[in-house]
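Subject: Structure for you to look at

Hi,

Here is the structure I promised. Please open it and keep it beside you while you read my notes.

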Amino acid sequence: AVGAGEGECSFEGLADGEKLSAIQEAFLDQGAVQCGFCTPGMLMSATALLKRNLKPTRADINKALEGNLCRCTGYNAIVDAVLQASGQGDVKPVMK
């Protein structure tokens, strides 16, 4: 999704060279990446959410991600990844 006056971006463009973005790091930390089918859509939806809401609630995150289907993670890890990327709560990396 591209807003008025914004450039196009794909999930590959979220990283800065070899340095992953906060949301990409959080997805890895939380084990939110499994088969990879939903990952691009989840990353882009989460990025769009965090651009308009720096401190989303779990309900905000669920609403923002509702158009993406994931059959592997059960969504909890994905929601925790978005919370981690937003710097909220006691969400700690589970994969490090």
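Start where helix 1 meets helix 2. On the helix 1 side, the contact uses I23, Q24 and F27. On the helix 2 side, it uses M42, L43, A46, T47 and L50. By class, these residues are 6 nonpolar and 2 polar, with no charged ones. Keep in mind that this is a predicted model.

Look at the spacing of those numbers. An α-helix has 3.6 residues a turn, so residues three or four places apart point the same way.

Now the geometry. Helix 1 covers residues 22-29, and helix 2 covers residues 39-52. Their axes come within 10 Å and cross at roughly 125°. That angle makes helix 1 oblique to helix 2. The crossing of helix 1 past helix 2 is right-handed.

Which residues of helix 1 are buried? They are I23, Q24, A26, F27 and D29. Their cover includes helix 2 and also helix 4, residues 76-85.

Pick out D29 next. This residue lies in helix 1. Is D29 buried or exposed? Its relative accessible area is 6%, and the cut-off for buried is under 20%, so D29 counts as buried. What does the D29 side chain touch? It makes a polar contact with the side chain of Q84, at 2.6 Å.

Then step just past the end of helix 1. There, G31 has a positive phi of about 70°.

Helix 3 spans residues 58-65. The axes of helix 3 and helix 4 come within 10 Å, crossing at roughly 115°. Helix 3 also passes helix 4 in a right-handed crossing. Helix 3 brings R58, I61, N62 and L65 to the contact. Helix 4 brings I78, V79, D80, V82 and L83. This contact has 6 nonpolar residues, 1 polar and 2 charged.

Last, the whole chain. How many helices and strands does the protein have? The count is 4 helices and 0 strands. From the N terminus, the order reads α-α-α-α. The protein has 96 residues, and 38% of them count as buried. Take the contacts with a separation of 6 or more: 62% of these join residues 24 or more positions apart.

To find your way around, begin with D29 and its partner Q84. Then trace the helix 1 and helix 2 contact from I23 to F27.

Best wishes

Note on methods
Residues are numbered from 1 along each chain as its sequence is written. This is a predicted model: local features need pLDDT of at least 70, side-chain atom pairs count only at pLDDT 80 or more; totals for chains, interfaces and linings use all residues. Side-chain values use heavy atoms; hydrogens and water are left out. Axes are lines fitted to C-alpha atoms, for helices over the stretch in contact, and angles run from 0 to 180 degrees between N-to-C directions. Helices (H or I, at least four residues) and strands (E, at least two) are DSSP runs, numbered from the N terminus. Angles under 35 degrees count as roughly parallel, over 145 as roughly antiparallel, 65 to 115 as roughly perpendicular and the rest as oblique. A crossing is left-handed if the near helix is turned anticlockwise from the far one by less than a right angle, and right-handed if clockwise. Contact means heavy atoms within 4.5 Å. Ala, Val, Leu, Ile, Met, Phe, Trp, Tyr, Cys and Pro count as nonpolar, Asp, Glu, Lys and Arg as charged, and the others, Gly among them, as polar. Buried means under 20% relative accessible area, exposed over 50%, partly exposed in between (1.4 Å probe, protein chains only). A polar contact is a pair of N or O atoms within 3.5 Å; within protein, one must be able to donate a hydrogen and the other to accept it, and residues adjacent in sequence count only if both atoms are side-chain atoms.
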